[in-house]
Amino acid sequence: MKGLNKYIVASFLAVASLSSCNLDVNPTDKVEVDNMDDIDAQVRGLFLLSNGVSYYGRNFALYGEIGTDNYVFRNGSRFLQEHRMEKHAAIGYSDSERNTYAQAFKVIVNANFIINNPEAQGDGRGQALFVRALAYSDLLKMYGPVPLVLDNTDVNDVETLYPTNATEEAIYTQIFADLAEAETLLTGTSKEFATVGAVQALKSRVYLEKGDLDMAIAEADKVINSRSYELTKPGDLFNYFNGVGGNETILEIKVTTDQNRGSNNFGSIPMSSVLGGYASYAANPDFVKSFDNELWGDPFTDARGTVEVVTGANKNVVSSMFLLEGEEKDGQMEVSSTAFIFPNKFRGQENVIGLHSPKVLRLSEVLLNKAEAIARQNSGAQEVKDIINEIRAARYIKPTIQAGETAEDFQVRLDAYNVALTSATGTLEEVLEEKRKEFAFEGHRSYDLRRNDLPVTVYKVVSETLETPVEGPLGTEKNTYSVEEVVTVEAGSEQFWFPIPESEQLANPNLKQNFAAYGE
């Protein structure tokens, strides 16, 4: 018998790994403790499981981005069906690296063992309730309704071993019940674990996804009015994403150097090969150029869209959010003939390429959740404007006078910068574009489009070198690569959702696909 049994096995292995270093388990999922009844250690194990490569450790963020207009496909076959929005062709991809469904259920089953343990009280129980709610919110967002598993599964009970899909409403009800109880139990303040602020931030996200806009605003206000968090300053943004903690962070899954997965680290798939990444996906050049940047003639630069040329000579010191591949000639950095632009947002921690501590919840998301909810209600354009202007004030780099620039020309740029800090229009379109820039490559884009009933166009690289060079983003006569449309997926398409992996249906005959495109 399989069904949830395979998660039970995984669960016992995970719990056992908390007390022994002799088991043959992934070292990144291991915490050594002397006491199997140590609830705190079991909670740490939950967060380690959440950081599996198929979940927050990499793929969950990728799955929210690669089938969107933020990335362009360049080479290889990694996640190709997902990028083409042909997810029906990916239904058989059930290996552990790609199976977010299975990893999230491992987290849930482990959380259940803590929740159903009468010895687990207070903060420990609250942590487990929060993690279960987070996992169910992620599953619901990716796959639609899935089985609602709350009890410790009995291998002799067929009904609990082979559960059926719950309703969407039942899952939402359980998520909010778990979060409501967790909010009364959590006492800690560490950003590496759940806190009251994390509960409220997650509620805001889930209510927005559900369409309960009033509650999304109310929960966002609790976080905002607590004044416990503040937006990262423009000059600190790159280091913020390539470090741990930060005043903006509400919850992150902390990753350390002993959890280095090498080529499977968070940032490796779309990373420039100059840095040792796969370079399978490049940034959409039109998206990169949508950021204000002095490099292409704008009066100031958005810290979220900074760009540098990277070569083998300077690869260890570049610190911009995007890297434009180049070459060194006569001691000068020049854009290469292909000039691919790759995200560098998750370059790495502590000099480990691609290592990243996922920022699961942060203040900017809560602010923009509120802005989106208000904009969708058409209930307060000025408040939406204020939020967008607040975000921009924390992201736009104040210009400084450049060599050879006249005082008059500099004043023009400075005036343009000051105007930009107060120029938001407060429309839903503007909110979504701000979200696109703010959460680029973090896994939000696809769900933002789907939630707002919008289509998406995805692209691939057509030519890596044009016969006739065109003007590139650094003012050189170099090509930044041309792209063409792969497909436009209309609003409401089932391809915005993911199929439940075939292996899960084979293990549980009562498990059904939620969308006709993927069968029953």
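**Exercise 1.** In this predicted model, find how helix α5 and helix α6 pack: at what angle, and with their axes how far apart?

*Solution.* Step 1: locate the helices. Helix α5 covers residues 100–115 and helix α6 covers residues 122–143.
Step 1: read the geometry. The angle is about 155°, and the axes lie 9 Å apart.
Step 2: classify the angle. Angles over 145 degrees count as roughly antiparallel, so α5 is roughly antiparallel to α6.
Step 3: The crossing of α5 past α6 is left-handed.

**Exercise 2.** Name residues through which α5 and α6 meet.

*Solution.* Step 1: list the α5 side. Among its residues in contact with α6 are Tyr101, Ala104, Phe105, Ile108, Ala111 and Ile115.
Step 1: list the α6 side. Residues there include Arg125, Ala128, Leu129, Arg132, Ala135, Tyr136 and Leu139.
Step 2: relate this to the helix. With 3.6 residues a turn, residues three or four places apart point the same way.

**Exercise 3.** Describe helix α2: its span, its cap and whether its residues are mostly covered.

*Solution.* Step 1: compare the span with expectation. The 12 residues of α2, 39–50, reach 17 Å from first to last C-alpha, close to the 16 Å expected.
Step 1: examine the N-terminal end. Asp38 caps α2 there, with a side-chain oxygen 3.1 Å from the backbone nitrogen of Asp40.
Step 2: check burial. In α2, 10 of the 12 residues are buried, so the helix is mostly covered. Phe47, Leu48 and Leu49 are among the buried residues.

**Exercise 4.** How many helices and strands does the chain have, and what share of its residues is buried?

*Solution.* Step 1: count the elements. The chain has 18 helices and 14 strands.
Step 1: state the share. Of the 520 residues, 58% are buried.

Methods. Residues are numbered from 1 along each chain as its sequence is written. This is a predicted model: local features need pLDDT of at least 70, side-chain atom pairs count only at pLDDT 80 or more; totals for chains, interfaces and linings use all residues. Side-chain values use heavy atoms; hydrogens and water are left out. Helices (H or I, at least four residues) and strands (E, at least two) are DSSP runs, numbered from the N terminus. The expected span of a helix is 1.5 Å times one less than its number of residues. Buried means under 20% relative accessible area, exposed over 50%, partly exposed in between (1.4 Å probe, protein chains only). A polar contact is a pair of N or O atoms within 3.5 Å; within protein, one must be able to donate a hydrogen and the other to accept it, and residues adjacent in sequence count only if both atoms are side-chain atoms. Axes are lines fitted to C-alpha atoms, for helices over the stretch in contact, and angles run from 0 to 180 degrees between N-to-C directions. Angles under 35 degrees count as roughly parallel, over 145 as roughly antiparallel, 65 to 115 as roughly perpendicular and the rest as oblique. A crossing is left-handed if the near helix is turned anticlockwise from the far one by less than a right angle, and right-handed if clockwise. Contact means heavy atoms within 4.5 Å.
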